[in-house]
Amino acid sequence: MFADADHFKRINDTWGHNAGDEVLRAFSASLKAQVRDHIDWVVRYGGEEFVIVLPETTLDRARALAERIRVVVESEPLTIDDRPIRLTASFGVAQYAPGEALADWIDRADKWLYLAKEQGRNRVCG
């Protein structure tokens with residue numbers, strides 16, 4: 001699964017890069033709080049994008065998790081320097097196919113993420 005903090009550049013431009021770093025830490029914590037300890041993993045992929053790997057999870061369950069995370073992120077404003085910052089996130093979900101090249105799997109998840117962004121952001125595709 002790819003997860004992307006929507007309109008992150010606007011946060012940096014409006015609140016500054018220190019606030020942007022705090023937002024990324026809070027976003028990462030929200031992602032990690034929703035996955036299974038010692039089984040799933042969350043890594044920053046670049047910029048404001050994160051990859052979430054969910055071993056032994058069906059595509060339907062991964063989509064449901066992405067939707068649950070999306071709702072949590074949207075409904076819990078972050079507080080940076082006593083200022084509320086609203087954040088939404090977009091998700092692209094793809095299930096690994098046995099024998100598939102890792103790059104192809106990542107590319108599919110990334111394409112689903114870009115579709116979510118093209119369709120208005122703050123949604124799950126895949």
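The structure is a predicted model. Glu56 sits in the loop between β3 (49-53) and α3. Its backbone has a positive phi of about 55°, although Glu56 is not a glycine.

Arg121 also has a positive phi, about 70°, and is not a glycine either. Its place is the loop between α4 and β7 (124-125). With a relative accessibility of 25%, Arg121 counts as partly exposed, a class that lies between the 20% limit for buried and the 50% limit for exposed.

Is Leu54 buried or exposed? Its relative accessibility is 14%, so Leu54 counts as buried, given that buried means under 20%.

Leaving aside residues up to four places away in sequence, Leu54 touches Met1, Val35, Arg36, Asp40, Ala62 and Leu65. Leu54 and Gln95 are 41 residues apart in sequence, and their C-alpha atoms are 9.3 Å apart in space.

Ala62 lies in helix α3, which covers residues 59-75. The relative accessibility of Ala62 is 7%, so this residue counts as buried. When residues up to four places away in sequence are not counted, Ala62 touches Met1, Leu54, Thr57 and Val93. Met1 is also among the residues touched by Leu54. Ala62 and Phe50 are 12 residues apart along the chain, with a C-alpha separation of 15 Å.

Glu67 is placed in helix α3 too. Glu67 is partly exposed, and its relative accessible area is 32%. How far apart are the C-alpha atoms of Glu67 and Ile11? They are separated by 23 Å, and the two residues are 56 apart along the chain.

## Helix α4: Asp107

Asp107 is a residue of helix α4, which runs over residues 102-118. Its relative accessible area of 35% makes Asp107 partly exposed.

## Packing of α1 against α2

Helix α1 spans residues 8-15 and helix α2 spans residues 17-34; their axes come within 7 Å and cross at roughly 140°. That angle makes α1 oblique to α2, because the roughly antiparallel class requires an angle over 145 degrees. On the α1 side the contact is made by Phe8, Ile11, Asn12 and Trp15, and on the α2 side by His17, Ala19, Gly20, Val23 and Leu24. How many residues of this contact are nonpolar, polar and charged? The division is 6 nonpolar, 3 polar and no charged.

Asn12, one of the α1 residues in this contact, is found in helix α1. Asn12 is buried, with a relative accessible area of 15%. Not counting residues up to four places away in sequence, Asn12 touches His17 and Gly20, and His17 and Gly20 are both listed on the α2 side of the helix contact.

## The chain overall

The secondary structure comprises 4 helices and 7 strands. Read from the N terminus, the order of elements is β-α-α-β-β-α-β-β-β-α-β. Of the contacts between residues at least 6 apart in sequence, 59% join residues at least 24 apart.

The C-alpha trace spans about 50 × 30 × 20 Å along its principal axes. For 126 residues, a compact globule would have a radius of gyration near 14 Å, and the chain agrees with this at 14 Å. Buried residues account for 40% of the 126 residues. The chain exposes about 7,200 Å², and carbon and sulfur atoms supply 51% of that area.

Terms used
Residues numbered from 1 in each chain as written. Predicted model: local features only at pLDDT ≥ 70, side-chain atom pairs only at ≥ 80, totals over all residues. Heavy atoms only, no water. Axes fitted to C-alpha atoms, helices over the stretch in contact; angles between N-to-C directions. Helix = DSSP H or I, 4+ residues; strand = E, 2+ residues; numbered from the N terminus. Parallel < 35°, antiparallel > 145°, perpendicular 65-115°, else oblique. Contact = heavy atoms within 4.5 Å. Nonpolar A, V, L, I, M, F, W, Y, C, P; charged D, E, K, R; others polar. Rg over C-alpha atoms; globule rule 2.2 N^0.38 Å. Buried < 20%, exposed > 50% of the residue type's maximum accessible area, 1.4 Å probe, protein only. Areas by Shrake-Rupley, 256 points an atom, 1.4 Å probe, with all protein chains shown as cover.
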